[in-house]
4 protein chains.
Amino acid sequence: MVAVTIWNEFRHEREDEDAAAVYPDGIHGTIAEALVDRGHEVRTATLDEPEHGLTEDVLAETDVLCWWGHTAHDEVSDDIVDRVHERVLGGMGLVVLHSGHYAKIFKRLMGTTCSLQWREDGGTERLWVVDPGHPIADGLDESIELPETEMYGEPFDVPEPDRLVFTSWFEGGEVFRSGCCYRRGSGRIFYFRPGHETYPIYEHDAIQQVLDNAVEWASPVEGAPRSFGERE
Amino acid sequence: MVAVTIWNEFRHEREDEDAAAVYPDGIHGTIAEALVDRGHEVRTATLDEPEHGLTEDVLAETDVLCWWGHTAHDEVSDDIVDRVHERVLGGMGLVVLHSGHYAKIFKRLMGTTCSLQWREDGGTERLWVVDPGHPIADGLDESIELPETEMYGEPFDVPEPDRLVFTSWFEGGEVFRSGCCYRRGSGRIFYFRPGHETYPIYEHDAIQQVLDNAVEWASPVEGAPRSFGERE
Amino acid sequence: MVAVTIWNEFRHEREDEDAAAVYPDGIHGTIAEALVDRGHEVRTATLDEPEHGLTEDVLAETDVLCWWGHTAHDEVSDDIVDRVHERVLGGMGLVVLHSGHYAKIFKRLMGTTCSLQWREDGGTERLWVVDPGHPIADGLDESIELPETEMYGEPFDVPEPDRLVFTSWFEGGEVFRSGCCYRRGSGRIFYFRPGHETYPIYEHDAIQQVLDNAVEWASPVEGAPRSFGERE
Amino acid sequence: MVAVTIWNEFRHEREDEDAAAVYPDGIHGTIAEALVDRGHEVRTATLDEPEHGLTEDVLAETDVLCWWGHTAHDEVSDDIVDRVHERVLGGMGLVVLHSGHYAKIFKRLMGTTCSLQWREDGGTERLWVVDPGHPIADGLDESIELPETEMYGEPFDVPEPDRLVFTSWFEGGEVFRSGCCYRRGSGRIFYFRPGHETYPIYEHDAIQQVLDNAVEWASPVEGAPRSFGERE
């Protein structure tokens, strides 16, 4: 049982009919339900709440934060990014989803542009498990097939992952490192590609299994430092 | 609770007075007691038993194998090395101790000479935790001090570790990467430097804590493949 | 200018009509010509020569060894594998090609099974450059397309690469980490997937460019140790 | 021959007698002379120049930027940090020296606090080459001894280095990962610990050799992307 906070920008689902049809309760709602069903303690937070829903209290009680954003990365306040950053370095796990690759918090942690290629074509994606010995791959088949997705292609400008768990094949001819593990400070970070706002990706059973595994994997390690700093 | 098998060459303690005085029940006996006290299920195996005590049945019931050897690496049969190798790639953890850096199984897994510099001088060693966010560092202070040890110095000819947990400082002026994590196949491997046969290193509480943490860390991941191979 | 030795098993091209038609001078002949054209000093060696053509003298004068083998890995003598292994750890570069993933020398250096999935279907492969900042990618477009290849699929049981340069997309729906960099001892190792015996892969200009880049990258580093060992 | 720009905060040497005595022409002056002697094309830049001396033109003509800062990290303008950051991702090498671990540009690239322990005690430091096969170790002995230094101790809160070249031993009982290699985007980054303002560290021949090797290693790779970004 992991204490998860799911952060969602929550704009598409309120402003765009297609997104609302796929995620009537928001992307966060669908992910929350999936993780509650798998036994986690889940809360949600969204961009337009005060402090984006990420108060000191909320973060203090969060083991792993999931992050979905897309159209409004710039509206996330730098103060909140600082706060989340500090908590990740202090051991809180972070699972960054899909277009969250351009979130301020992810770019802050990676130190690179996090750019990639993309094409919204509704083609098939197949995520191959390239590291079947990794806990995030537990319970999965050799690959996960998603019938309709937005394509993300290489080069993906991130630091070489500590460990690469998934690589995606796209019908249109591209590949992408779609499941990347990092550690920064005491915190574990997992970038997971799937999840466009107009495809019901987060309803997919195997994708939910990955999210379940990822929050387990990213949860804080006992005894790890809550902060780093000088000590003369 | 991890099912641990502690393998010991068990020659020094039967042939050398100094070693017998420090480890009357063998190095394996001391480590076994420490791990039993910490709640693990422990068995031991030694070089001079049939199949070196590492039968198919024993390995099948072993989550993590600890390995201590020194003077008789060449007497370990290649068939048993093959068997252990296959089990490690299939997910069994391996904790290699001290002079085990030259064990056939470690060299097989690393692919390098695993050579290092050394001097038996009984000086002080201080193991610094360089990765306090790692589970193997759980419950430790910032360093572990061992009043009398054999020195191991760099360069240590191993592949760059996936993660470096400890670095040793030696009174005589050397340093050593003394806690190195690797994965090969589904198996987790931890090399841990401390442990000479004539110093009571394995009686040290913090060293026992590291061994406890290491067998937890190295235990098999649920769902990881038990073997690798072709599938046309 | 790098002193390259191209080792080829050289059985298919003498025993199989299709292979002979594609590589009338042997796979080594085609690669040699390509590297000579690009300014390297090249010699070749094959399985059925005395000492497999890899005498002490030949290896002493070799900066980078390229290795292609497939049907006769077991016929490579362990003594020669020991010799090559020692030279790689001492700084000689090694470029392992295609089915060479099962070569004794590659398995010795990796410590894993090096297994993978495969299907001989003549489909299209597209190699994407996932690390455009790497010297092995110099002068390439964003991807290399090979119209007819044998498929290799994940999981590829190798240690996590130090750096991943290429990932392949296959028409049939698979992906593969097809350009993997490692260091062992002082030696640089590059595994490069393309190269079946019945497709003219090594005639492809971009593939030749990769081989050129790879032998430059893998050539010995000035000042690196020629051997590792104890020094009390 | 590498086009090097040496950036120095240049405050201690103008405000503090001890520093002025050791580095009458500034730390940048001493390093510049050493690199010119070794055949590089060198310019310098300092904090109090317009744009800190790091104009677009200067950076465009710089292959590798060396960075020394200590008391005035906060005075470096964010705009210049953005500019340097973009150039590093686009391939310019960066060599970060000593107290530069807290420079904005280093923290930006690492994504962590970059904190460490320290003590100004004038004790001896010995830098051990832990990766003798690395080009930055070319021409060095097995260790470099510095008779008087400020101590830096672990834990050093940086991402696990891509490759660790040096580890320091300190007379007072500490260790430190003192030579760390990273890549971000197309850029190579080397953090090198030695270099306090009141000890003549940069006059030391072996330290100058490391700087020479480091600027060679960090210089841009031919063909690497000058920028990253989307391409629909």
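1. Contact is taken to mean heavy atoms within 4.5 Å. With residues up to four places away in sequence left out, Asp138(B) touches Glu222(A) and Gly223(A) as well as Gln209(B) and Asn213(B).

2. This is a predicted model, in which local features need pLDDT of at least 70 and side-chain atom pairs count only at pLDDT 80 or more, while totals for chains, interfaces and linings use all residues. Residues are numbered from 1 along each chain as its sequence is written, chains are lettered from A and ligands numbered from 1 in the order in which they are written, and side-chain values use heavy atoms, with hydrogens and water left out.

3. Asp138(B) lies in the loop between strand 5 (117-129) and strand 6 (143-153) of chain B, where strands (E, at least two residues) and helices (H or I, at least four) are DSSP runs numbered from the N terminus. Its C-alpha atom is separated by 30 Å from that of Arg119(B), 19 residues apart along the chain.

4. Chain C holds an open sheet of nine strands in the order 2-1-3-4-9-8-7-5-6, with mixed pairing, two strands being paired if DSSP finds at least two bridges between them. Strand 2 (41-46) and strand 6 (143-153) of chain C are at the edges with a single partner strand each, so one side of each has no neighbour in the sheet.

5. Within chain C, strand 7 (residues 163-170) and strand 8 (residues 175-184) pair in the antiparallel sense over six bridges, and Thr167(C) stands opposite Arg177(C) of strand 8.
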